[in-house]
Protein chains: 2
Amino acid sequence: MKKVGILGGGQLGRMLLQAAVNYPVETFVLENDPQAPAAHLCHHFTHGDIRDFETVYQFGKGLDALTIEIEHVNTEALEKLVAEGVSIFPRVAALKIIQNKIHQKNFYKENDLPTSDFVVTNSLHDLRLQSHFLPAVHKVSNGGYDGKGVQIIQQAADIEKGFDAPSVLEKKVPIKKEIAIMIAVANNGETALYPPVEMVFDQTLNLLSHQLCPAELAEKVLWKVEAIGLTAIKKLNSPGIFAVELFVDIDDNVLVNEIAPRVHNSGHHTIEGNYSSQFDMLWRIMLNYPLGNTDCILPSALVNLIGEDGFAGIPHYDGLEEVLSIDNAFVHLYGKHQTKPGRKMGHVTILSKEKQDLLYKANKIKHLLSVRS
Amino acid sequence: MKKVGILGGGQLGRMLLQAAVNYPVETFVLENDPQAPAAHLCHHFTHGDIRDFETVYQFGKGLDALTIEIEHVNTEALEKLVAEGVSIFPRVAALKIIQNKIHQKNFYKENDLPTSDFVVTNSLHDLRLQSHFLPAVHKVSNGGYDGKGVQIIQQAADIEKGFDAPSVLEKKVPIKKEIAIMIAVANNGETALYPPVEMVFDQTLNLLSHQLCPAELAEKVLWKVEAIGLTAIKKLNSPGIFAVELFVDIDDNVLVNEIAPRVHNSGHHTIEGNYSSQFDMLWRIMLNYPLGNTDCILPSALVNLIGEDGFAGIPHYDGLEEVLSIDNAFVHLYGKHQTKPGRKMGHVTILSKEKQDLLYKANKIKHLLSVRS
């Protein structure tokens, strides 16, 4: 049996290990929290910091392959492991581009990939000189994650909310749609595209309401999404699974927003919605099996289950029974021991032939289900 | 989080724990082999014998619920645990009926459930008196499993192959089809039936070739299968998940063969083939959630992967890559450390709208895939 390690033991690791159950593989997890969602689902759990050179190196030594749950891992240790024959998914060079928001934007520019205009700012002082560039989004180059390290700078008065550290300032795009496409790359360079996903926003609250798959796109826009997504991933030159997040602007231009070189929230619906899920696919890639079938079984919607504001502590799931009584609603709770405002605690996928049914059920589930303490 | 234990840590426990990942539940496994397929997928593994009173009692104490992977567990310990408030799935009374083949046959008879004629034999001496009853099948009353403890007694000359122990001798039925139906029973008595499965035999080899779901049955035969299956399970009077194995004879009579009061090989296709799998369903029952949707997503075939004759030792899977390149073929390997002739090492489920496609792919997979050492 091949030995494969995961850096990080959160919900992505949890669902990855759930998919590993189908295959002959010995699994290892490195994670700081022994009660993390994935901690009990591997053969070997190591308690430690994924950002520490020695910890990552010792963990990875002797494994056949390693993958990541989050970009912010110690790449120096990964480089040493590669030199000793460990395969890393994604390759370290690709990871280093993605880890750093400045490198990521430069990568798009150098490869003629359409992306929003940007300037690099190294300090708040730099940012203050960019008031002509507003409205814009300020993103810290290192360590941002899940909305952290991102600040909208609508006007000059907002500038002091920006980061006093190396960052990119991206011109705000007049967005019509936010799209994500999952792309798989095998060791031999073969690729497979999943049908793209659309992020549907609640116009009143200006919050992500749910994800819809396949995205509703005019054919020509779909072609652009696929072509730009695939080109971006091919230029990264790495096997693995990737999420490309894109904007469609009001003129139907398609722009790359960000890439995640790993399993991703925008691919969770593939567990029930597609023949080969993003998690299944990554195992196929790491174990050197043929790529799976990315076709949709049925259209799907996905609702994230987020820790409610004002509640922190042991999670209590309200409305779970009602949601579980809805036909073809698939509940995934991540088993986190503590809820916090805004924390991702689970998700629900809905399958249906009819879009109206998906929307109705997604809306119903959003109102039924909550996480409090 | 509820605390739920599983007695046994084989492939059934493995797939049950795979489904548990979706729910907030703390999992416990009691199993004699620390390298068993399910051993690394629970929160708490206990090394011990599921047939030993004290071991089972200590394991179950303090848990909210317990289920089984195999019938041959210590029921005295379970009775004591019930008295202390632990819920057992299935109920101990149901388990005791099923555990013993004589009780099981008497249960069918007492409840007017059609089943093959039988006599009880307590010794080889008893059996020798039954030559007029042949051809028949001799089944040892206790401890038989997966074809062990079963002997076909075609004619008088075969009698010495029978069991010198309490057994049932069942008259051989002129079988047209072998059918299995999975049935779920909630704590409140609600039931849900899965579409029945047909065991397709290789006529030349007289071996199970594959399972097909839904079974091909005339409407009236289907009604009998459902009615008899449901009646049998209702009479068992227990929440849980059940497999009822039935014969359809050449006159389209439907007879109960055996019941398994647990997840079962004839329900493995439900992982990909049905909206709520048998494993998902058992968690819903044990965690007191509403029953899931038993509808088929698509018709399915299932091929068991059996350790090849003449090979014992560390398993090597031949043909895995070819099988994984077949669209909508889902491979499940159980991660057993040793293969043995006849050992269940995994299974492959195929989904397709077209029956011919299922048959073609099932046949192809049977010839491609093998387990040797």
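Before anything else, please keep in mind that this is a predicted model. Is B:V185 buried or exposed? It counts as buried, because it has 26 C-beta neighbours inside 10 Å, and the cut-off for that class is 20 or more. If we leave aside the neighbours within four places in sequence, B:V185 is in contact with B:T191, B:I233, B:S238, B:P239 and B:G240. One of these, B:I233, is 48 residues away from B:V185 in sequence, yet the C-alpha atoms of the two are 8.3 Å apart in space.

Let me turn now to chain A, and to helix 1, residues 11-20, which is mostly covered, with 10 of its 10 residues buried. Among them are A:L12, A:M15, A:L16 and A:L17, and also A:R14 and A:Q18. What do the buried residues of this helix pack against? Within chain A, they pack against strand 1, strand 2, helix 8, helix 9 and strand 19, and they also pack against helix 1 of chain B.

That brings us to the contact between the chains, which takes 26 residues from chain A and 26 residues from chain B. On the side of chain A that touches chain B, helix 1, helix 10 and strand 18 each supply at least two residues, and strand 18 gives the most, with three. Sorted by class, that side of chain A has 13 nonpolar, nine polar and four charged residues.

Terms used
Residues are numbered from 1 along each chain as its sequence is written. Chains are lettered from A and ligands numbered from 1 in the order in which they are written. This is a predicted model: local features need pLDDT of at least 70, side-chain atom pairs count only at pLDDT 80 or more; totals for chains, interfaces and linings use all residues. A residue is buried if 20 or more other C-beta atoms lie within 10 Å of its own, exposed if 12 or fewer, and partly exposed in between; C-beta atoms are placed from the backbone. Helices (H or I, at least four residues) and strands (E, at least two) are DSSP runs, numbered from the N terminus. Two residues are in contact if their C-beta atoms, placed from the backbone, lie within 7 Å. Ala, Val, Leu, Ile, Met, Phe, Trp, Tyr, Cys and Pro count as nonpolar, Asp, Glu, Lys and Arg as charged, and the others, Gly among them, as polar.
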